Amino acid sequence: MEKENGAKPSSEEEMMERWRFGENKAVAAAGGRSIRATLNKVVSSVDENGPRPLIPLGHGDPSVFPSFRTTPIAEEAIVEAVRSAQFNNYAPTNGVLPARRAVAEYLSKDLPYKLSPDDVFLTAGCAQAIDILVSALARPNANILLPRPGFPMYEARCTYTNLEMRHFDLIPEQGWEVDLNQVEKLADENTVAIVIINPNNPCGSVLKYQHMEEIAKTARKLGVMVISDEVYDHLTFGSNPFIPMGVFGNVVPVLTLGAISKRWVVPGWRLGWIATTDPKGILRKTKVVDSIRSILDITTDPATFIQGAVPQIIEKTKDDFFNNIIHVLRDAAELCYNIIKDIKCITCPHKPEGSMFVMVKLNLSYLVDISDDVDFCSKLAKEESVIVLPGSALEMKNWLRITFAVEPTSLVVGLERLKSFCERHEKN
């Protein structure tokens, strides 16, 4: 075999042409949507020989910082579960019974009805819960309504499973509430669900009761379920309290996603759940629950010893621990908001009141040599060793997501570097 120019191919080229495998483009497309992929690109711009330490204001894992260390009760629960030798086995498909019971009782405290252990399915973190639900709902011609901005794990999994995505806007001037008029226009006979994230990542907003009721009534009108991502449950520090979407389970069937990852600050332990907050049993009648079980039968489980520790973690953690985390987050959010107000090229439309993040708008007209949000973040990383997430990763070009859940001293230094960077690149 010869090339078009007459030259003979090398033996290596011949071998390459014989292989019948190659890149999985669906996986590549899905992976390219992830926060990890975007942050890895930003981090690659950092000068490794730079004199200043890296300050990560781009991701939602504050567990490495002393101010956010988890409670000793959780650590002791893990040790006890391991030493008991009772959790070295495979777990049941939906999780060990004591753990499911503990989660059901934990969620029921905020609901007008009681959940049973059979309403709970344990997962390897909330990310796997998303994976399972998207896989369970994906079918030919189906579509799902996703928030913009949102959490790109939903987009990544939809891309991989070929579940059509339709984005509705969150309105920054209205506290990032859902544009319900747009939701009604987007939905059709093939729409299966609408996703709500509350408290919100990436916006730092917390939905009000009245607006949540409107969401529930709209979903019922459209005949779709609500997937309520509540991984940041109870991490609120503003005027709006956390209200689970399951409160409206008698209006519309709700699948609630959660985890111990954020409230207990242990994302690496990978323990999450899917709960059917659906007192009328619609999700069972329509066999959605059967689909979830089928997916669980062919996927991995959270580590059994982590499941074994869950009852003690949930039941014995003191309010002092939670209150301290809220106190740290409230002060950090206030600090972040006040410093950002003094940066001319950045606008914060809504003061954060929940989760660990704030979304801010980048005004390029004030800057020179900055083409868009990705360019801004890459140059910030290179010049200041500060990492923030470009809004493009969240379907919001020329916005930024800033994490304030870091050690307070690091947050001050990181935001001051951000401010210096913006001033240095301002137009004269």
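Reader: Which element gives the most to the lining of the second largest cavity?

Author: This is a predicted model. The second largest cavity has a volume of about 60 Å³. Its lining includes Val195, Ile196 and Ile197. The element that gives the most, with 3 residues, is S6.

Reader: How many residues of that second largest cavity's lining are nonpolar, polar and charged?

Author: Pro147, Phe168, Leu170, Trp176 and Leu207 are among the residues that line the second largest cavity. Asn200 is in that lining too. The division is 9 nonpolar, 1 polar and no charged.

Reader: What volume does the largest cavity have?

Author: A search of the whole structure finds 2 cavities of 30 Å³ or more. For the largest cavity, the volume is about 100 Å³.

Reader: Which element supplies the largest share of the lining of the largest cavity?

Author: The largest cavity is lined by 13 residues, and Leu107, Glu230, Phe242, Pro244 and Thr256 lie nearest its centre. Helix H5 (97–108), strand S8 (254–259) and strand S9 (272–277) each supply at least two lining residues. The largest share, 3 residues, comes from S8.

Reader: Now the pockets. Which element gives the most to the lining of the largest pocket?

Author: The largest pocket has a volume of about 1000 Å³. Of its 39 lining residues, the closest to the centre are Arg36, Ala127, Phe151, Met153 and Arg270. Helices H2 (25–31), H3 (35–43), H6 (125–137) and H7 (153–161) each supply at least two residues of the lining. The element that gives the most, with 5 residues, is H3.

Reader: How many nonpolar, polar and charged residues line the largest pocket?

Author: Arg36 and Arg270 are among the residues closest to the centre of the largest pocket, and Arg counts as charged. By class, its lining has 22 nonpolar, 9 polar and 8 charged residues.

Reader: Which elements give two or more residues to the lining of the second largest pocket?

Author: The second largest pocket has a volume of about 240 Å³. Among its 16 lining residues, Gly223, Val224, Met225, Pro253 and Ile282 lie nearest the centre. The elements are strand S6 (191–197), helix H9 (209–222) and helix H10 (282–285).

Methods. Residues numbered from 1 in each chain as written. Predicted model: local features only at pLDDT ≥ 70, side-chain atom pairs only at ≥ 80, totals over all residues. Heavy atoms only, no water. 1 Å grid on protein atoms, 1.4 Å probe; cavity = no way out; pocket = protein on both sides within 12 Å on 5 of 7 lines; lining within 4 Å. Points joined across faces, edges and corners; volume = space filled by probe spheres on them. Helix = DSSP H or I, 4+ residues; strand = E, 2+ residues; numbered from the N terminus.
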